[in-house]
Amino acid sequence: MMHNSVFLPLLFFSLVTRCSTAEDIRMAKQHRDPCVADEERHVSHRRFRRGWIWKQLLVQEEDPNPRVIGQIKSDYDRGDFSIKYLLSGEGAGEVFIIDEYSGEIYTLHKLDREEKAFYILRAQAINRKTNQPVEPESEFIIKVQDINDNMPQFQNEPYVSVIPEMSPSGTTVVQVTATDADDPSHGNHAKLIYSILQGEPYFSVEPKTGIIVTSLANMDRETREKYFVVVQVKDMMGLSGSYSATTTVTIILSDVNDNGPVFQHSLYSFAVAESAAVGTTVGRIKADDSDVGVNARMTYGLEEKEGNGTFQIHTDPVTQEGVILLAKTLDYETKKRFVIIAEAINDPVDTRYLGYDEFRDQATVKIFVEDVDEAPVFPVQEYEWKVHENMAAGTTVGTVSARDRDAANNSIRYNIDRDSSLKKLFKIDPNNGTIITVKSLDRESVSWHNFTVTASETKQNRLFSSVPVFIKVLDVNDNAPQFAKVYQPYVCEGAQSGELIQLISAMDLDDPGEGHHFYFSMIPEKHINPNFTLRDNQDNTAGILTRRSSFSQQDRTQYLLPVVIADSGVPPLSSTATLTITVCSCEPAGHCPSSGVHALALSMGLGVYALVAIVVCVLTVTVLIVLTLAVRSHKTRQRNEAKQESDPAAWADLPEKLFRHSEPEATNSLETYSPVPLRRQPKRRDRHRFSRAEVEASIRMSFCQSYHIGPEDEAFRQFMRDRLLEADTDPFAPPFDCVRTYAFEGSGSSVGSLSSLGSLTASEPSPERPQDSGRKLMRLALWHGGSEEETNF
């Protein structure tokens, strides 16, 4: 029963047929597998049961030599080699082999636990003779035993950490982490410990966690900004034979506002010319701050011991310099030097590190004014004077003055701007600047005169300056009042006495300070005007009223009414204007017609009947002219046609062609037809167009002369001859030539031929044509009243 004594110690690795899976084996390891418990019961009561028997199956990693790692054996094996052992599963034949006779398992090469920690295989025992299994196939595990063959490795490299400067001791910086691929459950192979190789005494590391903390308090960034800490990690708790690794941690101190500004110099000196413009940069000052970024931001201020805001300072956002600017104009003769205090202040201030006064610094700034030759200076910005109009030439208007503020005190010469057109009205004394008039001024033409006076030095650089001069021309009463507009008053024939027919007002070019006030009146006469009267309304208007009733155009068509208008000036002026009052046949509503025949007659000063007579005369003359032109044109056309018939060369230039023939007396042959052009209507050219003014002037002339000119008058006859000549010489006047076609009418008409071609019979020989046997050609009848002798074209 030797196999039983072997079976019991190796119960942890045994399998029976009822527990044949890897899961069953793992449960068996926990000593809670019901199959194992059942097997134990069987063993205790039935110790003769056959089963698998093998040695412990463990293999150490990284062993390069092949060796036996265990044996499996069936209790049916009698040592006669009748049982054959087979191995299958993970690594069978490649990593592990089995001796089919003894059941011993060998390794073929070294194993790496970090690659594979265990292998699951299956074992089987077969009878060699029957090739039948004597034991059921069962699974078992080969475990790879760990050795310390891996170095620890840091994760998440590189390590960079930023902490504020001036941090207290023990401030956490960063945690470094390393791992070891060895089995943490087997000895101390994967147990790590941290230490610092470089970085003390500033930093330290917690050995088990790898947390780096500060060892010194109040580290100053301005002294040292960056630290490189080397951290080492070892496995096996740092014991002999352990592996180690290192990493570098970069620790940067961030800035805090723990430093105030300090000026580079305690005294700054600058110079600026007195002619410098406002806004000119005088100089730059700089205060240093060891901090960076927002902690180095500062503002500058000025405290002037001498002066009242002559200079300003602002901070350059890029360079953090204080830029001193000129805020007011300088005058060397008034002040030659300025002493000011410049101050630099941190913004913002952090009192956790420094007191408030330690965040500011001051420096003295001296500014020297340089003398420059300056132009003359006027005491005022502009001059404004007043002068009355109509003053005599040579009247003094005013005096300008300027002075040279330089030490040389050069003499000054004055003149009016050469580009000014007012030199015709004013002139200036070049020595003392007195301005006088060249001629009298008229306010109604120009009420203000503006020009520029220049004052220039007579020596050195001949610098100059200018000042504007404004002259207001004051009004005097030199214009008489007049009507505000052109009035066309009328009185209706049925007007009653005391009726208002026109409201008048006046205007005056003058501009009195108290305003206008006009007085209206009629010219004093020996006799009172029986027709009209005037009423002054005392509001710069007056009304024209009728003094009687029953006005009639037959009695009189117009009345003239002189009106006197006076102003309230000193001295007062007056003028007389005449109103033309027309008698009108008003409409029922009382309005005088402004268009039509009646209005036209009124505008010409004529009656309606007289105007109708003039129109009739004009129409009669127009008809006569048209008839005369028509007759003249007809006669001219007849003469032109006759001339063309007698002159064959004249037919050649006409556009249409008429075939003609000639019959010489000496031959019986018929000559070739020759084309004869006809006169067609030419294209109409643009004729003279009379303007509206010319037409109106012609009509007015006809109106004026129609009373005195008759058909027997020489002027009338000359007018008719001129019109007829124009019609005769006009090539565009009708009528024009046209072509008529005459065809053979046939024969056998019962009424005979109506043509004049038969006026000469064949039996009547003609002395003008020879006798021939050919076709007879008859002459055309006479056209247009020609004589019988005119038979040839």
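**A walk through the model**

Let's start at Ser242, which sits in the loop between strands β16 (226–234) and β17 (244–254); helices (H or I, at least four residues) and strands (E, at least two) are DSSP runs, numbered from the N terminus. This is a predicted model, where local features need pLDDT of at least 70 and side-chain atom pairs count only at pLDDT 80 or more, while totals for chains, interfaces and linings use all residues. Residues are numbered from 1 along each chain as its sequence is written, and side-chain values use heavy atoms, with hydrogens and water left out.

The side chain of Ser242 reaches the backbone oxygen of Leu239 at 2.8 Å. Setting aside neighbours within four places in sequence, Ser242 is in contact (heavy atoms within 4.5 Å) with Asn148, Lys234, Asp235 and Met236.

Next, the cysteines. There are 2 disulfides in the structure, a disulfide being a pair of cysteine sulfur atoms within 2.5 Å. In one, the sulfurs of Cys492 and Cys586 are 1.9 Å apart. Cys492 belongs to strand β34 (residues 490–492) and Cys586 to the loop between β40 (574–584) and α4 (596–604), so this pair ties together parts 94 residues apart in sequence. Cys492 is buried at 14% relative accessibility, whereas Cys586, at 23%, is partly exposed. Here buried means under 20% relative accessible area, exposed over 50%, and partly exposed in between (1.4 Å probe, protein chains only).

The other link joins Cys584 and Cys592, with sulfurs 2.0 Å apart. Its torsion about the S-S bond is about 100°, so this disulfide is right-handed.

Terms used
A polar contact is a pair of N or O atoms within 3.5 Å; within protein, one must be able to donate a hydrogen and the other to accept it, and residues adjacent in sequence count only if both atoms are side-chain atoms.
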